[in-house]
Amino acid sequence: MTEPLTQSPAQSPAQPSAEPEAGPPARPRRARAALHRVRNRLRSLPPWSPLAAGVLAGGLLGAGYGLLTTPQYTATGYVVAVPTDKSDPATALGFAQAYGRVATQLAVLGDAQMWADVPVARLKESVRTATSPDAPMVSVTATSADPEEAADMANAVARALTRHAAASVDDTHVELRQFARATKPTEASSASAAVTGLVGASAGGLLGGLALLARPRRAPADGAGATAAVPGPASAAGVRGQL
């Protein structure tokens with residue numbers, strides 16, 4: 001006798017196992033948490049903190065600039081225009097103005113470079129002249145990182161200018177004489193680290209004050225900003241009814 005064959009229930013096809021959903025990476029979460037902590041610390045700072053930070057940062061930057069910048073020295077010499085017997089002081093004053101304008105031209109600087117022992121381009125960059133509307137005098141100023149070189153450049157340009165004026169004295173009837181030689185400066189003419197630090201602190205304080213004004217105001221505490229409700233004006237009909 002044969003045993004009845006029992007059929008096992010049809011097995012359903014294997015279902016794919018559900019994988020757990022991957023959460024957000026840990027690194028972005030840490031970055032957001034760090035950013036949140038930074039925001040909380042910034043909010044906890046006193047209101048005047050941008051002003052103090054601006055003054056401190058500006059002072060440090062200004063002092064660093066003053067320390068890293070090479071000090072500059074300035075020397076000044078003077079030449080004066082003198083009229084001859086065939087001229088007058090007014091003519092000498094006019095020629096002094098003209099000589100002040102041509103002192104930095106190539107013709108004069110080309111002769112001055114022999115005595116200053118520097119290139120013409122350096123003289124043109126470092127030498128400045130000035131004249132007075134009341135006196136027939138020309139000032140020749142030179143600036144350099146070497147104080148002795150500054151004096152040499154000023155004296156060389158003044159000497160070259162007087163030589164050019166002497167070559168045309170028969171036509172202009174005005175002589176150009178050296179009034180005062182440029183001497184070696186003992187102190188730098190550029191700003192010191194203390195001065196640049198004060199300037200930087202002032203600029204930083206100004207920017208910090210602007211940032212303080214532009215800073216959003218904090219929300220008032222609960223009930224602190226609440227205002228009392230003011231009833232509106234009653235109508236005339238309502239007043240007569242109450243009476």
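H173 is partly exposed in this predicted model, with a relative accessible area of 24%, and this residue lies in the loop between α7 (169–172) and β4. The phi of H173 is near 60°, a positive value in a residue other than glycine. D117 also has a positive phi of about 60° although it is not a glycine, and this second residue is found in the loop between α4 and α5. At 68% relative accessibility, D117 counts as exposed.

| Residue | Relative accessible area | Class |
|---|---|---|
| H173 | 24% | partly exposed |
| D117 | 68% | exposed |
| T196 | 12% | buried |
| A150 | 0% | buried |

**Overall architecture and confidence**

The secondary structure of the protein comes to nine helices and four strands, and, read from the N terminus on, these elements run in the order α-α-β-α-α-α-β-β-α-α-β-α-α. Of the 243 residues of the protein, 25% count as buried. Among the contacts in the protein with a separation of 6 or more, 78% are accounted for by residues 24 or more positions apart.

The mean pLDDT of the protein is 78, and 74% of its residues reach 70 or more. Confidence is highest in β3, at a mean of 94, and lowest in helix α9 (residues 236–242), at a mean of 53. Over residues 8–13 the pLDDT stays under 50, and for this stretch the model has zero contacts beyond four places in sequence.

**Strand β1 and its partners**

Which strands pair with β1, and in what sense do they run? Strand β1 (residues 73–83) is joined by eight bridges to strand β3 (residues 137–144), and these two strands run antiparallel. Within this pairing, the bridge partner of T74 in β3 is T143. Strand β1 also pairs with strand β4 (residues 174–180) in the antiparallel sense, here over six bridges, and in β4 the bridge partner of V79 is Q178.

**Helix α6 at A150**

A150 is found in helix α6 and, at 0% relative accessibility, counts as buried. Leaving aside its neighbours within four places in sequence, A150 is in contact with Y73, A75, A142, T143 and S144. Of these, T143 has already been named as the β3 bridge partner of T74. The C-alpha atoms of A150 and L123 are separated by 9.9 Å, although these residues are 27 residues apart along the chain.

**Helix α4 and the residue that follows**

The buried residues of helix α4 (residues 106–116) are V108, L109, A112 and A116. Seen down the axis of α4, these buried residues fall within an arc of 85°, so they line one face of the helix. The spacing can be read against a general rule: an α-helix has 3.6 residues a turn, so residues three or four places apart point the same way. The face of α4 turned away from the buried side carries the exposed residues L106 and M114. Just after α4 comes D117, the residue with the positive phi of about 60°.

**Helix α8 and its contact with α2**

Helix α8 (residues 193–214) has 22 residues and reaches 31 Å from its first C-alpha to its last, which is close to the 32 Å expected at 1.5 Å a residue. The buried residues of α8 are T196, G197, G200, A201, G204, G205 and G208, and they pack against α2 (49–68).

Not counting residues up to four places away in sequence, T196 touches G62, A63, Y65, G66 and A191. With one of these residues, G62, there is also a polar approach, in that the backbone oxygen of G62 lies 2.8 Å from a polar atom of the side chain of T196.

Conventions. Residues numbered from 1 in each chain as written. Predicted model: local features only at pLDDT ≥ 70, side-chain atom pairs only at ≥ 80, totals over all residues. Heavy atoms only, no water. Expected span 1.5 Å × (residues − 1). Buried < 20%, exposed > 50% of the residue type's maximum accessible area, 1.4 Å probe, protein only. Contact = heavy atoms within 4.5 Å. Arc of directions from axis to C-beta. Polar contact = N/O pair within 3.5 Å; in protein donor to acceptor, adjacent residues only side chain to side chain. Pairing = 2+ DSSP bridges. pLDDT = per-residue confidence, 0-100.
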